[in-house]
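User: I would like to learn how to read aromatic pairs in a protein model. Please take me through the general idea and then the case at hand.

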Amino acid sequence: MIDAFTGMSLWVVDSEGNLLTYGPLRLERKLYPVGQGSFYAERFMDGDICKACVVYDCGSKKKEKVQDVVGNEFEKQHSGDIDALFISHLHEDHINGIESLRKKHNVKRVFLPFLYKNLEIRRLLFLYEIASRNVRKDKLANLYRIMCSYEDVFGDKTSIIYVRAFDDNEDVSVNGFDLTALDNGKEIGSFQSIRIDSLWKYTPFNFNVEEKYKAFKAGIEQSGLRNLLDLKISYKEILDVLAAPSQSKEKAGTAKKNFDLLKDIYGKVSLGTNRKEDLNKDSMMLYSGPVDTEAVFNVEDCLGINNCTGIRETKKIKEKAGCLYLGDMDMNQEYGLAGCRRRVFDIICAKLESDLPQLDMVQVPHHGSADSYSSKLLELNAKTEHYFVSYGKINRYGHPSSDVVKDIASQGKLLSCVTEDKNSLCTISYHFPEKVWGKPEGKGTSDAPQAN
């Protein structure tokens, strides 16, 4: 839990001449340089003491890169527990650093989309991941563990909380849940806020994508690979079917045919004309922001590369502190019953309406993919200036799209491009307001330091 403010205060005068004081309590947000993947962390600091740590995703196409970041940059800055780990979706480039993270830190709680409570869905997603990403054989064991046996990876000391898919008819508590009150196996609704102390909240949400798995499952059932859906078969047996040892030519040949067949099924489902079936563009998203939507923050430093201008930004005074993490979500997708379907963007605007005035940062979804991007993201809050995207400098997907970068630049926005380059680490520190009041009677503003 976060303690009361302690230590010295920081004085700042706002544009209207009001004296604002800030205690040593601050939120430190870091976007780590892991290349084609994502690893973001928020720490609540009271001076040099970390009161709580929250992580959103931890993975990269280059597993050794995210392992290096976890073991070096992150470890140097944080040696304590992780109070909450939000996993957007079970794809390699968002999760393959989690085992390294778990070995070095006690992860108290993990938040996952409710869909993953279904082991068959996880098995299908594992097969889908193999077929769609050409995962190397030496990576399959680790990928299987975190996708199909994450309960064992985290252990008994970690509580796993599931976030149900968005349902417009579901009532969610206005007050939200206290983070420490969420026990293992707890289910919460999308857009249900989770509070850390009385100062901050996290609001996860996702959408129902179960239908997307049905076509892939049907294709497997109709092929000669239906035994892969048997939940009783082990990882080793799956490997024998799809990636038999090379020293056995007969088995290797059969495995190659099976693997090609699985890729063919994947291609018919996801690479044809119906892009709505693409399971690569779904995620649990997360809003992070203050409980007090009118709070005014002072930013100590803002370090990150602005690829729209080529300038490294530093020390920008901001009033907002909220952040919207969007994972790999397709902003153009539609959800709901026939006749009343709505786009993801419109649902976010409606459900987070009261929080959007605090929105300071927005993640560009799916590593800057043009298919997942919508220029509407620039309209969430007209005053939101800071956008960020994570990608590998050399990737086969063309991320980020030049059209996406140009669109953000055309609106005069700051775009932090977080790559595998260590210099692209983005750090923002938000000081919490201790008190807010007008100029003290009989005093001018000269007694307090001026805002830079």
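Analyst: One aromatic cluster is formed by Phe-44, Trp-200, Phe-297, Tyr-430 and Phe-432. Rings of Phe, Tyr and Trp (its six-membered ring) pair if their centres lie within 6.5 Å; planes under 30 degrees apart count as stacked, over 60 as edge-to-face and the rest as tilted. This is a predicted model, in which local features need pLDDT of at least 70 and side-chain atom pairs count only at pLDDT 80 or more, while totals for chains, interfaces and linings use all residues. Residues are numbered from 1 along each chain as its sequence is written, and side-chain values use heavy atoms, with hydrogens and water left out.

User: How many aromatic pairs does the structure hold?

Analyst: There are 25 aromatic pairs. In one of them, the ring centres of Phe-44 and Phe-432 are 6.5 Å apart and the planes are at 40°, so this pair is tilted.

User: Which strands do Phe-44 and Phe-432 lie in?

Analyst: Helices (H or I, at least four residues) and strands (E, at least two) are DSSP runs, numbered from the N terminus. Phe-44 belongs to strand 3 (residues 37-46) and Phe-432 to strand 21 (residues 426-437), so the pair ties together parts 388 residues apart in sequence.

User: Is Phe-44 buried or exposed?

Analyst: Buried means under 20% relative accessible area, exposed over 50%, partly exposed in between (1.4 Å probe, protein chains only). Phe-44 has 0% relative accessibility and counts as buried; Phe-432, at 3%, also counts as buried.

User: What is the geometry of the rings of Phe-126 and Tyr-144?

Analyst: Their centres are 5.1 Å apart and their planes at 80°, so the pair of Phe-126 and Tyr-144 is edge-to-face. Phe-126 lies in helix 4 (residues 119-133) and Tyr-144 in helix 5 (residues 137-148).
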